[in-house]
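I opened the notebook to record what I looked up in this model. The entries follow the order in which I went through it.

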Amino acid sequence: MTPAELESLASLAEGVIRREPGAVARAISLVEDRRRSAEATTVALLHAIAKASDPLRAARVGVTGPPGVGKSSLVSALVLATRKSGRTVGVLAVDPSSPRSGGALLGDRARMDIDPDDLGLYVRSMASGGDLGGLARAAGAAIDILGAAYDVVYVETTGVGQSETDVEHVADTVLLVIQPGSGDVLQFLKAGIIEIPDVFAVNKADLGAIAERAHAELAAALSAVHVGDGSPSPAIVATSATTSAGVQSLLATLDAHRAHLVESGSLAGRRARATTAWAYRLFVQKWGEYGVEEAGGRDAVSAALSRRIGSGVPAVEAVAEIRPR
Amino acid sequence: MPAKKDSPWIMRTYSGHSSPKASNELYKQNLSKGQTGLSVAFDLPTQTGYDSDHPLARGEVGRTGVPIGHLGDMRALFDGIALERMNTSMTINATAAWLLSLYIAVAEEQGADPKKLRGTTQNDIIKEYLSRGTYIFPPAPSMRLIADTVLYTVEHVPEWNPTNICSYHLQEAGATAEQEVAYALSTAIAVLDTVRARGIEGKALADVFSRLSFFINSSIRFIEEICKQRAFARLWERIGRDRYGIDDDKVLRFRYGVQVNSLGLTEAQPENNIVRIVLEMLGVTLSKGARARAIQLPAWNEALGLPRPWDQQLSLRSQQILAYETDILEYDDIFDGSPVIEKRVKEIAEQAWAEIENVGSRGGIVEAVGSGYVKERLVGSHAARIASIERGDQIVVGLNKFRETAPSPLQTDGGADSILRVDPAAEKEQVERLVAWRKSRNEGDVARALNGLREAAKGGQNIMPASIVAAKAGVTTGEWGGVLREVFGEYRAPTGVAGARTSPGDEAALGALRKRVGELEAELGRRPKLLVGKPGLDGHSNGAEQIALRARDAGFEVVYEGIRVTPQQLARAALDEGVHLVGLSILSGAHIELVREVLEQMKRRGLGNVPVVAGGIIPESDAEELKRAGVRAVYTPKDFQISRILGDLVTYVREAHEHAA
């Protein structure tokens, strides 16, 4: 990197922190660049951003759940409610890439009526890309960028499986949205996903009795899963994005989870563990399993990443610093 | 030889533009030419419940139809036309209750007996969610408004067809014959179930059943169309008997009007369209057992722009020749007993019935539309149709085969003189009349009427009486829409593109395209990202959806957020999303105003270098103007090969990237 290049990245980082949408957009496009030659730029940019802001400042909320549960409408309602509470909001919406063409249809939510002149709200969609499913490689970096600019970052993903475990690595609070009468609860139990979320939303609460039954089933399943592990059972909130019912209470529940993390002093630890797991995934994606072996094995790589991340280095930077022999 | 000739169907022309006065003159001309009914086209602000001076109405006033903002406009529209003796069809949906209220109010002023009013309000919101896009409210209150108008008219305007369930727009969106039948009948079931849930039973329910009519499409495959109409009638009777316990044969009769296919009309060699139109009309008139009650035809030059009075006259004359010169009205049903016809009818009926049951198992059409299921099916069928035209499997004369042509004497001057142009001053004058109207009325009456409307909407009383009071008090279309928006909220329907399966069109062309997209990705460092936008009030999203779908299959990342996005929102999305190119689709004719506004808004946000392309029914002279304003390319219906368009987009993105580097 030449000094001029570094300087221009530093000024881009300042634009991000000032919440200029053009700067935020350019920064995310930069970290989306998949070429090897772009790695240094990404690292330098995220380094500059991390230096100029407090990575723990923004609340990072991951929203996930199967397609068709009304998740996008719920996120829209949540975003508008958060914005109304006076906080700025960044949204990263991840949609699946077509395995055949590599292309993707994004932003098919078509539901968020945002004010185009509101500089306190930013919405970006991203294709899941890659062959691993789940979150895009650049998602973690994009969330770092959004977190430097906005008070609350929502990360919306589609699908069941990979995306739930991925989103846990980039969010401090995980919200799972389910639809009554869909058999979702059973699916999640089977997949072991039910242990991940911090908050559950039973959407389409206007369905009445079916919704109440889903609520009860979920509560029973959760008490079975969390029995004896000492952790508080995750909250369940009934919502309806069409009538906006429960949205305020959902927002309050998410805020309470965040407050609990901050007050108990566990936020930094949780973030570092999650970021390390995310960084490890990036490392594997970059070097492959043989690369892990050549770098001393899984534990050694994780430990090396964890050390760097513990000292405040962004995930991509930590990954860039470690190489197989 | 039968003793008596059947009486002909009602002949209409879908028309209206610029102003109530200009449209009134057009209607009188049409009636003097032998037209036997009126078919009112409203402009998009009227259809979506906005006043002519609303920011979203800019460029759209008087464009796709007549602007009706208040009682004075409705009065002027029917000046000198006795409504008691007229049969008027109104293509109006989300605001149907309002326009019907204005119509009833004007009829009463004329001294007409509401019990004698005959005509139709289209009033089918489901197909608006699926295809046409002029919905406003969420499904539940929308279905309630339909039930309100049905129940009101059955009692007070008993000759009126309160809802005209449209399969027309489903075919335009790509529906196969079976899908058209299945989704239209599922919609009728939803209306009847909503009415029944209000406690309407027995004879009252039969009255409602007998007033439901249908508005159907007819394509160039006219034998299949004959069979489709017969399958429709058969299943309608079955639904009446089995689901609603009706046994009166007269009540069970399937009543429908037709507008023949616009989807198959070509911009290339447009004079060929008149032949298509006649053949399509044949399918719905030829046999007595499946003959339309009313027909309206498009004009030969519809793919070029708005038709002129002469173009519409040619279509009317085609109807008159068929009805009055030929012998089709002299015979009983000529297909009764034909095993070939019967076989196809049965096939369509069986497949449609299976899909009706499938929709039922998904909770009915309202749920199946809300979940995106139906839309995904339609987008998929449409993609298959387009692909087969691209491959040349489905022949369209003059478009993908037999393209050679002598210069057309009908289209001198590049076609610029062969369409109707809306006077740009019309919008300004309409707004001036609206402002004067607001000043002239009694504000106390207006406030009271709006309160009454709000209470009715909240309280669940029938919306019609309060709307008629509002009409008489001088309330405007935007005020009526505003109050209901406040009570019911607004809705955005699923776009259906993400879940749609596709057929790739020409596999070889797509393969080559994917390779080019891959090379472009290597140059850009990330996948090329497009924003496909539909600015303005136009809700005809079929074209935009097909572009979005194919672009994904070619390897682009595509941001598509549905219809009715403002230029400001599009420009902001282009900025936030970091797209490489913006594609705009506009079919209302408001392309000059809207595209300019998008360019302006993009420039304001520092996106002056992002290439913009536009697609729609855009006359050549307008295309030149758009290019001078900064649009990189303009596409019209004659550009039927989507893969070729996408190839251009690769070039434009590369150009812009190299220029920036």
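**Entry 1: strand S1 of chain A**

I started with strand S1 (residues 59-64) of chain A in this predicted model. I counted 6 of its 6 residues as buried. Which residues lie on each side of S1(A)? I found Ala59(A), Val61(A) and Val63(A) on one side. Arg60(A), Gly62(A) and Thr64(A) are on the other. Both faces are covered. In a regular strand the side chains alternate between the two faces of the sheet.

Next I looked up the partners. S1(A) runs parallel to strand S5 (residues 152-156) of chain A, joined by 5 bridges. There I noted Gly62(A) opposite Val155(A). S1(A) also pairs with strand S6 (residues 173-178) of chain A, in the parallel sense, over 4 bridges. In that pairing Val63(A) stands opposite Leu175(A).

**Entry 2: chain A as a whole**

I stepped back to the chain. Chain A holds 12 helices and 8 strands. Of its 325 residues, 50% are buried. I also checked contacts between residues at least 6 apart in sequence: 74% of them join residues at least 24 apart.

I asked how many residues of domain 1 of chain A are in contact with domain 3 of chain A. The count is 6 residues of domain 1 against 5 residues of domain 3. By class, the domain 1 side of that contact has 3 nonpolar, 2 polar and 1 charged residues.

**Entry 3: strand S8 of chain B**

I moved to chain B and picked strand S8 (residues 213-218). Here, too, 6 of its 6 residues are buried. Ser213(B), Phe215(B) and Asn217(B) point one way. Phe214(B), Ile216(B) and Ser218(B) point the other way.

S8(B) pairs with strand S7 (residues 164-166) of chain B over 3 bridges, in the parallel sense. Asn164(B) stands opposite Ser213(B) there. S8(B) is also joined to strand S9 (residues 256-260) of chain B by 5 bridges, again parallel. I noted Asn217(B) opposite Gln259(B) in S9(B).

**Entry 4: an open sheet in chain B**

I traced an open sheet of 5 strands in chain B. Its order is S2-S3-S4-S5-S6, with parallel pairing. Which strands stand at the edges? They are strand S2 (14-15) and strand S6 (160-161) of chain B. Each has a single partner strand, so one side of each has no neighbour in the sheet. For S2(B), I looked up the pairing with strand S3 (residues 38-41) of chain B: 2 bridges, parallel. Ser15(B) is opposite Val40(B) in S3(B).

**Entry 5: where the chains meet**

I counted 34 residues from chain B and 30 residues from chain A in the contact. On the chain B side, the elements giving two or more residues are helix H22 (542-553), strand S12 (557-560) and helix H23 (567-577). H23(B) gives the most, with 7 residues. By class I noted 12 nonpolar, 10 polar and 12 charged residues on the chain B side.

Strand pairing crosses between the chains. Strand S3 (residues 104-106) of chain A is joined to S12(B) by 3 bridges, and the two run parallel. Ala104(A) stands opposite Glu557(B) in S12(B).

**Entry 6: helix H24 of chain B**

Helix H24 (residues 591-604) of chain B has 14 residues. I checked its span: 20 Å from first C-alpha to last, close to the 20 Å expected. The buried residues of H24(B) are His591(B), Leu594(B), Val595(B), Glu597(B), Val598(B), Leu599(B), Gln601(B) and Met602(B). What covers them? The cover includes H23, strand S13 (581-586), strand S14 (612-616) and helix H25 (620-628) of chain B. Just after H24(B), Gly606(B) has a positive phi of about 75°.

**Entry 7: the nonpolar core**

Last, I looked up the largest nonpolar core, which has 278 residues. Leu92(A), Ala142(A), Ile145(A), Tyr154(A), Val558(B) and Ala574(B) touch the most other members. I followed Ala574(B). Leaving out residues up to four places away in sequence, Ala574(B) touches Leu531(B), Val579(B), Val582(B), Met602(B), Leu607(B) and Val610(B). Met602(B) is one of the buried residues of H24(B).

Notes
Residues numbered from 1 in each chain as written. Chains lettered and ligands numbered in written order. Predicted model: local features only at pLDDT ≥ 70, side-chain atom pairs only at ≥ 80, totals over all residues. Core = buried A, V, L, I, M, F, W, Y, C linked by C-beta atoms within 7 Å. Buried ≥ 20, exposed ≤ 12 C-beta atoms within 10 Å, placed from the backbone. Contact = placed C-beta atoms within 7 Å. Nonpolar A, V, L, I, M, F, W, Y, C, P; charged D, E, K, R; others polar. Pairing = 2+ DSSP bridges. Expected span 1.5 Å × (residues − 1).
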